[in-house]
Amino acid sequence: MLPWVKDGPRWSMERDQLGRWPRFRYLGWRSRFEGISPKITEIMGDAWPQESAILVVLSGPEPARSRLEALVIAQWDSWGKAQGEQASVGDRPSALWLVRGLPGSSMNKEGMLPETLPELPPIKGLKVWESPDDPTMIMLLSKAEWIVSRAGYSSCMDYACLRSWWPERTRPWRICTVYARGHSEQAYLGHRLKRKGQADFRRESTFDLREAWLNRGKFTFTYAYSSSPLESY
């Protein structure tokens with residue numbers, strides 16, 4: 001059994017059957033981006049292209065990570081081919097930014113494909129980062145038109161942290177979470193975010209990049225850091 005305490009700031013607000021306070025408390029939002037100045041976007045802003053981009057953030061164990069990587073690259077390529085020469089001016093954005101979530105160089109590899117997919121030719125608009133540092137990741141997240149990622153707790157808290165930096169941001173935060181089979185926490189968070197209108201939720205087995213992109217306007221991510229996670233979430 002857990003040890004018990006009588007009271008304490010921000011401890012659980014529910015007693016057990018004997019009227020005792022449980023010895024745990026809500027820590028609130030936690031993010032890798034805490035302590036980094038929001039001014040970084042102003043400092044690095046001129047170094048980034050002003051283009052409409054989908055950002056796909058890959059994470060998690062194999063083979064799920066590689067499976068989603070192959071899926072979004074193939075769908076991005078076929079989407080461009082379907083629109084032919086009009087790809088840059090149609091409903092397809094001009095770039096796909098892919099964060100692979102692998103250790104290694106954070107150098108931008110425009111037009112190059114991951115080593116895991118050598119059989120595919122270079123794809124127009126594809127830009128790949130292996131494992132970007134925090135400042136680069138912040139820039140990618142803040143400048144992307146739309147974000148696709150797993151529905152992990154850490155990812156959601158990172159988005160909430162960045163959202164709190166720009167409460168009056170002109171362009172709304174659009175996010176789509178993709179469920180990896182066997183990860184029940186992702187299913188729970190993804191469904192919850194969708195029910196609240198915060199983010200789209202898709203299953204990997206039926207995920208369609210273009211269809212989800214066209215559906216993005218139905219969701220706006222508004223969660224931000226607050227004094228109590230229970231009030232905002």
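The expected span of a helix is 1.5 Å times one less than its number of residues. Helices (H or I, at least four residues) and strands (E, at least two) are DSSP runs, numbered from the N terminus. The model is predicted: local features require pLDDT of at least 70 and side-chain atom pairs count only at pLDDT 80 or more, whereas totals for chains, interfaces and linings use all residues. Residues are numbered from 1 along each chain as its sequence is written, and side-chain values use heavy atoms, with hydrogens and water left out.

**View 1. Helix α5 and its packing partners.** With 12 residues, α5 reaches 17 Å from its first C-alpha to its last, close to the 16 Å expected at 1.5 Å a residue. Its buried residues (under 20% relative accessible area, with exposed over 50% and partly exposed in between; 1.4 Å probe, protein chains only) are Gln186, Ala187, Leu189, Gly190, Arg192 and Leu193. These residues pack against α4, β7 (175-179) and β8. After α5 comes Gly197, which has a positive phi near 75 degrees.

**View 2. The largest nonpolar core.** A nonpolar core is a set of buried Ala, Val, Leu, Ile, Met, Phe, Trp, Tyr and Cys residues joined through side-chain atoms within 4.5 Å. The largest one has 31 residues, of which Leu55, Trp97, Leu141, Ile147, Leu162 and Phe221 touch the most other members. At least two residues of this core come from each of β3 (53-57), β4 (95-99), α3 (134-143), α4 (153-165) and α5 (184-195). Helix α4 provides the largest share, 6 residues. A second, separate core comprises 21 residues, among them Ile123, Val128, Val148 and Cys176.

**View 3. Trp165 in helix α4.** Trp165 belongs to α4 and counts as buried because its relative accessibility is 17%. Not counting residues up to four places away in sequence, Trp165 touches Phe33, Ile36, Ser37, Pro38 and Ile138, where contact means heavy atoms within 4.5 Å. Trp165 and Ala224 are 59 residues apart in sequence, yet their C-alpha atoms are 8.4 Å apart in space.

**View 4. Asp200 in strand β8.** Asp200 is part of β8 (residues 200-203) and is buried, at a relative accessible area of 2%. Its side chain forms a polar contact with the side chain of Arg202 (2.9 Å). Such a contact is a pair of N or O atoms within 3.5 Å; within protein, one must be able to donate a hydrogen and the other to accept it, and residues adjacent in sequence count only if both atoms are side-chain atoms. Beyond its neighbours within four places in sequence, Asp200 is in contact with Ile175, Cys176, Thr177, Lys194, Ala212, Asn215 and Phe219.
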